[in-house]
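I am opening my notebook on a new structure.

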Amino acid sequence: MLVNVCILCVFTRKKNRSPVTVLLSVLAVTDSVTAFSTTIIDLCGYYVFHDDINLVLKSTNLHYTIFIWNRKYPSCVVFHVLDDLAYVCHMSSVLVTTLLCMQKALAMLFPMWAKTNLNATTSLIASMVAFVCSLSLFLPTTITSSLGMFKGPNGTCCYSDKSSSLVLNVFQNESCNSWLNESSIDSQKTFFQAPHFIG
């Protein structure tokens, strides 16, 4: 994120603006938002909601530990939106990187045409279209799944069967209650009952 901030400080200056630097600036923004949205959720889980985190599996052979985070309602809705925002920005990064490749290919194949038609405004419009396309992929499911969340026992975030997938259906009613009542988590089935994995 620090590198991306430095890139923005350099590329957003008027004398440095070009079709390439505009796309690189957008790429820096999307990568930074992706990193922030991803890390802030884990930081909140570890340091703010640490009482709601349970150990799922600790492997001595592979030296890794998996935790589940029982996100409480209504904060789970906010974290769900942040999750999807990270996906949107990551997809935008992929599309902007593709635009950079296309821009370079057009500049090499059609240099005269590229010089007159490819400018900073064109790059900005193309990057906005890429972001809108990414947003359109995730926004419908984000809205429907957020509206399908409801408060379960002890404030647990559960999911409605009307807006959930087959995997999310295990969080409904009895499954949600049974997960809350479990004292130890040692079966593979519980992996699907755990609302969120972190770490």
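Predicted model: local features only at pLDDT ≥ 70, side-chain atom pairs only at ≥ 80, totals over all residues.

A note before I start: contact means heavy atoms within 4.5 Å.

**Entry 1: confidence**

I checked the confidence first. The mean pLDDT of the protein chain is 76. I found that 72% of the residues reach 70 or more. Helix H3 (residues 75-109) has the highest mean among the elements, 91. Helix H7 (residues 189-193) has the lowest, 34. I marked residues 163-175, where pLDDT stays under 50. The model still has 22 contacts there beyond four places in sequence. I also marked residues 182-195, where pLDDT is below 50. That stretch has 27 contacts in the model beyond near neighbours in sequence.

**Entry 2: helix H5**

I moved to H5, which covers residues 120-147 and has 28 residues. From first C-alpha to last, H5 reaches 39 Å. That is close to the 40 Å expected at 1.5 Å a residue. At the start of H5, I looked at Asn 119. A side-chain oxygen of Asn 119 comes within 3.2 Å of the backbone nitrogen of Thr 121.

Where does H5 have a kink? I found the kink at Phe 138, and it is about 35°.

Next I listed the buried residues of H5. They are Ser 123, Ser 127, Ala 130, Ser 134, Phe 138, Thr 142, Ser 145 and Ser 146. I then looked up what covers these buried residues. The cover includes helix H2 (19-47), H3 and strand E3 (149-151).

**Entry 3: Thr 141**

Thr 141 is in helix H5. I noted a relative accessible area of 45%, so Thr 141 is partly exposed. A polar atom of the Thr 141 side chain lies 3.0 Å from the backbone oxygen of Phe 138. I also looked across the chain to Asp 84. Thr 141 and Asp 84 are 57 residues apart along the chain, yet their C-alpha atoms are separated by 9.1 Å.

**Entry 4: Thr 142**

I went on to Thr 142, also placed in helix H5. Is Thr 142 buried or exposed? Buried means under 20% relative accessible area. Thr 142 has 9% relative accessibility, so I count Thr 142 as buried.

Which residues does Thr 142 touch, leaving out those up to four places away in sequence? I found His 80, Val 81 and Asp 84. With Asp 84 I also noted a polar contact: the two side chains are joined at 2.4 Å.

How values were computed: Residues numbered from 1 in each chain as written. Heavy atoms only, no water. pLDDT = per-residue confidence, 0-100. Helix = DSSP H or I, 4+ residues; strand = E, 2+ residues; numbered from the N terminus. Expected span 1.5 Å × (residues − 1). Bend = angle between axes of the 7 residues up to and from the residue. Buried < 20%, exposed > 50% of the residue type's maximum accessible area, 1.4 Å probe, protein only. Polar contact = N/O pair within 3.5 Å; in protein donor to acceptor, adjacent residues only side chain to side chain.
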